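Hi,

Here is the structure I promised to pass on. Have a look at it first, and then read on for what turned up.

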Number of protein chains: 2
Amino acid sequence: MRIAIDMDEVLADPIHKFIQLYNRDHQVPLDLLIHPGTEIFQNVPAEVSDKWKEYINEKGFFRDLPVIEGAVDAVQKLQQHYEVYIVSAAMEFKNSLEDKMDWLSQHFPFISWKQIVFCGEKIVDVDIMIDDRIKNFKDFKGRPLLFTSPHNLLITDYERVDNWQQVLKKLL
Amino acid sequence: MRIAIDMDEVLADPIHKFIQLYNRDHQVPLDLLIHPGTEIFQNVPAEVSDKWKEYINEKGFFRDLPVIEGAVDAVQKLQQHYEVYIVSAAMEFKNSLEDKMDWLSQHFPFISWKQIVFCGEKIVDVDIMIDDRIKNFKDFKGRPLLFTSPHNLLITDYERVDNWQQVLKKLL
């Protein structure tokens, strides 16, 4: 059985980094609350809400993202029972490609290049997909697991996992 | 219907570039013949046969590859009838990622980032796969089209296409 695991907001935490950058440049508080069902840019002052596009397209943005709690241990455990693939919609941001490869080598050294997929649309032939964006479940015929993130909190029509402990409980 | 189209030796010509580099550094003739069923490194002097690894890992190697004859026109025509995806096993060479994106933007500007997949194993959910490497057809449930390249000339157990004209004849 094959599992596709998303990167941003599933393995890596870009929201934390966005808040730090908005804090540095626009005094947004470090404990900014992302309201359920909204994106980061809807929670910062309107006049700087577009800044996230600049941040995300900068070289280095994805290189030092924090690892989501429990992700390394969980992926390692899943790998003993499944064919694991890391599948990231990285193509939207050309400058992210090398950063994401380096980040994976650093934090998930047990993932080989053969298991990494950077794409636009997630047209992967897998059995289970763990992702925080339901647009990636469109046309997906396998079992989708919606990984909780502030922006998807109001969505009710998918099997949900709140953290990596819950993923392991469901899949092992 | 979805088609996955490989890059190297299908859209882009790395063999031509390898020969140029071997010629520049080791006087290999520019009209070097790649014997049927062999790779480039088996056709150069043994003492420099490993040099290809150095070349392919250099930044810029993939940026200025020639386009395979007829590829641009053919992909454009296929796109009118199929969902086209460019699927390249680029992950083996981290330095190729940005070069390949730039090369596609230059020569195939009508391909959006949503249609690009860089991967290790080609675990794509498509109906047709055009590729020169049969290892990518392993586990593939759709229709494989083996795109002729010197190294695969002795393989007989796949439907073969020798050039882009033949692809269009079969698929349009």
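Into which domains is chain A divided? There is domain 1, made of 2-13 + 66-171, and there is domain 2, which covers 14-57. Before you go further, bear in mind that this is a predicted model.

**The domains of chain A**

The C-alpha centres of domain 1 and domain 2 of chain A are 23 Å apart. Where they touch, domain 1 of chain A puts in eleven residues and domain 2 of chain A puts in ten. On the domain 1 side of that contact you'll find six nonpolar, two polar and three charged residues.

**Strands in chain A**

Start with β1(A), residues 2-5. Strand β1(A) runs parallel to β2(A), residues 83-88, and four bridges join the two. One pair to look for is A:R2, whose bridge partner in β2(A) is A:E83. Strand β1(A) also pairs with β4(A), residues 128-131, again in the parallel sense, over three bridges. There, A:A4 stands opposite A:M129.

**A loop residue worth a click**

A:E69 sits in the loop between α2 (51-57) and α3 (71-79) of chain A. Is A:E69 buried or exposed? A:E69 has 12 C-beta neighbours inside 10 Å, so it counts as exposed. Leaving out residues up to four places away in sequence, A:E69 touches A:N163 and A:W164. A:N163 is 94 residues away from A:E69 along the chain, yet their C-alpha atoms are separated by 7.9 Å.

**Over to chain B**

The strand to pick out here is β2(B), residues 83-88. Five of its six residues are buried, so β2(B) is largely enclosed by the rest of the structure. On one pairing, β2(B) runs parallel to β1(B), residues 2-5, with four bridges between them; B:I3 has B:V84 as its bridge partner. On another, β2(B) pairs with β3(B), residues 116-119, in the parallel sense over three bridges, and B:I86 stands opposite B:I116.

**How the two chains meet**

What rotation superposes chain A on chain B? A rotation of 180 degrees does it, with 0.0 Å of shift along its axis and an RMSD of 0.0 Å. That is the relation of a two-fold axis.

The contact takes 22 residues from chain A and 22 residues from chain B. On the side of chain A that touches chain B, the elements giving two or more residues are α4 (96-107) and β3 (116-119) of chain A. Of these, β3(A) gives the most, with four residues. By class, that side of chain A splits into twelve nonpolar, three polar and seven charged residues.

Cheers

Methods: Residues are numbered from 1 along each chain as its sequence is written. Chains are lettered from A and ligands numbered from 1 in the order in which they are written. This is a predicted model: local features need pLDDT of at least 70, side-chain atom pairs count only at pLDDT 80 or more; totals for chains, interfaces and linings use all residues. A residue is buried if 20 or more other C-beta atoms lie within 10 Å of its own, exposed if 12 or fewer, and partly exposed in between; C-beta atoms are placed from the backbone. Two strands pair if DSSP finds at least two bridges between them. Copies are superposed by least squares on the C-alpha atoms of residues with pLDDT of at least 70 in both. Two residues are in contact if their C-beta atoms, placed from the backbone, lie within 7 Å. Ala, Val, Leu, Ile, Met, Phe, Trp, Tyr, Cys and Pro count as nonpolar, Asp, Glu, Lys and Arg as charged, and the others, Gly among them, as polar. Domain bounds come from an automatic or database domain assignment.
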